[in-house]
Amino acid sequence: MMQLECPCCGRRDESEFVCAGTTHIARPPPAASDAQWGEYLFFRDNPKGVHLERWRHSYGCGLWFNVARHTVTHEILAVYAMTDPPPLPAVAD
Amino acid sequence: MASRRLGSPAGRWIDRSQPLGFTFNGRRLSGLRGDTLASALLANDVRLVGRSFKLHRPRGVWSCGLEEPSALVDVDEGARRTPNVRASRLVLEEGLSVRSVNCWPGVAFDLGALTGACAALLPAGFYYKTFMWPSWRLFEPSIRRMAGLGRAPTEPDPDHYEEVAAECDVLVVGGGISGLAAAAAAARAGARTMLLTGAAHPGGALAWRADDEAQGLARAVRQLGVRVLMRTLAFGLYNHNLVAACESLAAEGGELPASVLRERLWKIRARRVIAAAGAFERPLLFPDNDRPGVMLAGAAVKYAGAYGVACGRRAVIAANSDSAYAAARELAQSGLEIVAVIDRRSEAPKGETASGLRVVPGAVVTAVAGTRAVQGCRVARLGGGPRSGQGEWLECDLILSAGGLAPAVHLHSQAGGKLRWVSESAMFVPDGAAPGLVSVGACAGVFSRDAALAHATAVGEALAKGAAAPTAPVGGAGRSEPITCVPGRTSAQFVDLQNDVSAQDVALAARENYRSVEHLKRYTTAGMGTDQGKTSNINALVLMGELTSRAPAEVGTTRFRPPFAPVTLGAIAGRRVASLYRPLRELPAHAWHASHGALFETFGDWRRPAAYPLPGESLEAAAQREAACVRHHAGLFDGSPLGKLELFGADAARFLDLMYVGTMSTLAIGQARYGLLLNEHGTIVDDGIVARLGDRHYWVNTTTAGAERTLAAFEEWLQCEFTDLRVLVTPVTSRWGNVTVAGPSAWRWLEASGFEAALAPHSMRHMTLRESALEGVPLRVLRASFTGELGYEINLPADHASALFARLWERAAEVGAVLYGIEALQLMRLEKGYLHVGSDTDGTTLPGDVGFARGIEAKAANFVGRRSLSRPASRDPQRLQLVGLKPVDGRTALHVGAHIASHAPPAAIEGRVTSSGLSPELACPIALALLAGGTQRTGERVQVYHLGVMTEAVVVRTPFVDPQGRRVHG
């Protein structure tokens, strides 16, 4: 079980959190084409390497935040606010 | 007598003054305090202990530790029965009762052994190949009955278990001298240190020897404040250095109190882990190497030294390593006759042949005599041709395998460490440190004592200081060769005893082109089971390498996945059993309902009244009676579990417009509106009523089941997407009770009970909310209805709910009112055709499918899910749409889940029944259904198929009752 550093509560076990997958996905405007909307809804990268993802401290303060995690080693490379730009790029090994 | 108890002083761990009585397969035997079941059985000359998994071959004690593949027993009977306990780990207790596994009627005469005669029909992967004609299903039940090991208990476990979390700077796994030295060094350097060992005595492989250094280290570790947990086996290492361990707290059998604290699960978060888990001995492969009386050489040495038990009188040692000679000397000193050391290496170590010990180099055991106990063996030179003769016959009752050592690299691998092959000693060792973990001692491949102690001390100190660990001085294991089978023999040579996997099975897998060691494992089942191949994995992959012309390093190992040793389900469940397995919520007025005849059932997370049956009345009859009474008089219902959220903030109105299909920003204060909540796919995830309490203040009722997910959706959109909106969402579900009064006499009842006149139907319209008070208790009264009748949902602080129920109930007789439960409510909402999200919708249902298309085009806000509603698939006229159904005969019930199709299957399914019931008002069955193109099919007759019966039904418009909706206005 991983540990994550909640920006509000500090280091806690993974079981207190919920992961919602890839972050920094722009929501298309209503005028988006079906193809664009489909891309937004259904298509995700599945990198072997650094993945930028959204987590929520569901069984704690409820805060959503971003995490840069290595999908093989589970090393947490960064934890940053929902509205912050990524501090490092998502890179596949 | 072959195996027996040795005379005093042999046996450091046993207490000869404390005999213990126990039973084995009903036979009364006697052992000593300090014995394990295995040592006690051997002391009683019991050599046949169990039967094998697949072929029911006789098996005996094979090892003296947790690697035991064969001597498995079921301990105790009834609720306390624990299956597949390793006899070599089971501490003997007075009154212990055990049974052999996988045999009937008994271990000596086992009818299942007939399968051994059919071994040719049961090769690796036989369940994919044989027994296929005419059908596997014909054979499966009896094959499943024949296979398997112990029997699980069927009654609830009388004992309890607990779970503890801990953290430390340095965690040492293993209590041998390397582990003790590392822990002492880490503690001395100031680290908060813990040490776990599965054993009952410190010292690891030296624990039963009089080793002053090991004892001194054990004392030092305690004096330095290391937290030492004995009988605590670390069974897994998980992400970010979480080590899980199981502490054994009570005897496993014998005379126990009614309930004991049996085991404790430790979850330890360690900054750094030091693995000091030791090594296992590898067995040799030769024909019939599974017979009772064949065992690991190190085990026989330990049985003699620790338990004072001789495993036989005349021993032959099959050797592939230098350790065989030390074992031979020790056993000879204990009084065993060593017939010969049969060394498969062409050269025996220098000096060993001169010591009077008979050594046969370059030779192997080619046959074993005796089925239920070894009676002798034949040995022959390796490399001789097929005509090199029969070899030599040796009479013996014990054959010991000394095949070399296999470091226990499990934790290292689980931490993500890599392995390298040391060909001199034919073993895999850790290739450097793993992330967050360093191995020391035998599990690091360091077998010379001084080097191991120095390295472990340096590692302990380095990790305590956050420095890099020094490289392990691998060596000292001596010379051994990769073990393969004895060529040219037809008798089975077992690689994996527990799963009956022989060298022939591995060869078959190789012939069938299984090359990956992971595939080999799954196809042959080698390395599975309770021992997870502790004594078989290395031999299996060496053999696989030989058959496919690859070096062991190229073949690689299977993943060493946790758990390292079997863990009971009780330990993992801990306290999360019975009512704590899934705690249910109770209504604030639960006791009041219970005292008024409620029949409680579980709905989602809640215990709620399903109905209030009269004496002798069925649930169905009660629901009919209650619903009819609400329609004609009035009824009282507890709606407290309904989800409740309060929203505050300047942007609350804008936010609700973004979340719901309905427009909430145009609500006047005191007005309420129905809303559908969608996800981004346009799918309905919840519905509810939104009421405006103030300019910047809203009250949101969600469904009961949807309270959590609606809150979660609100928070996610606010924090992740609409980050500029100023809104505070507060869940208040358990803060507010909900007392619902419904029926034509509802207001008369409330008026008589003292509610203010402003709440009367003519001054407070349907779908409005008014803040009121009753004797100082604040109320939020919502005029809404899920029954279709005049309805008041009185929200009030939860601790006042019981008092309000009591107050209203005092006047119930005046209006002829009843209490009604969920069942009656469901009937009434069905009569009204009201949607029940999750029953009448699924993961594809869009608003237009359930009659809420209107108004969406006109709405300005880009609400969640909106764009998905304009996809071509969302506009398909043949989508599943919600309709009403009635049976044509007016009598036959339409079952929920029944398929709508033109004829009996196979047929194209046009839809399905989603809600169903007998209408109290119409006195006939009615149903809701999702039907392809349903809204265009009113009046059409369809066939409803359920469990082989077709029922004709007609598609109708809803509501079934009061289609103009006049009744809700009172």
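**Crossing helices and a chain contact**

Q: In which hand does α17(B) pass α23(B)?
A: In this predicted model, α17(B) passes α23(B) in a right-handed crossing, the term used if the near helix is turned clockwise from the far one by less than a right angle, anticlockwise being left-handed. Helices here are DSSP runs of H or I with at least four residues, and strands are runs of E with at least two, numbered from the N terminus.

Q: Why is α17(B) called oblique to α23(B)?
A: The axes of α17 (residues 619-632) and α23 (residues 822-831), both of chain B, come within 8 Å and cross at roughly 60°. That angle therefore makes α17(B) oblique to α23(B), the word for whatever is not under 35 degrees (roughly parallel), over 145 (roughly antiparallel) or 65 to 115 (roughly perpendicular).

Q: Which residues of α17(B) and α23(B) make the contact?
A: Leu619(B), Ala623(B), Glu626(B), Ala627(B) and Val630(B) of α17(B) meet Glu823(B), Ala824(B), Leu827(B) and Met828(B) of α23(B), contact requiring C-beta atoms, placed from the backbone, within 7 Å. By class, seven are nonpolar, none polar and two charged.

Q: How many residues does each chain bring to the contact between chain A and chain B?
A: Chain A gives 16 residues and chain B gives 18, and helix α1 (residues 34-42) of chain A contributes the most to the side of chain A, with three residues.

Q: What share of chain B counts as buried?
A: Of its 970 residues, 50% count as buried, meaning that 20 or more other C-beta atoms lie within 10 Å of the residue's own.

Key. Residues numbered from 1 in each chain as written. Chains lettered and ligands numbered in written order. Predicted model: local features only at pLDDT ≥ 70, side-chain atom pairs only at ≥ 80, totals over all residues. Axes fitted to C-alpha atoms, helices over the stretch in contact; angles between N-to-C directions. Contact = placed C-beta atoms within 7 Å. Nonpolar A, V, L, I, M, F, W, Y, C, P; charged D, E, K, R; others polar. Buried ≥ 20, exposed ≤ 12 C-beta atoms within 10 Å, placed from the backbone.
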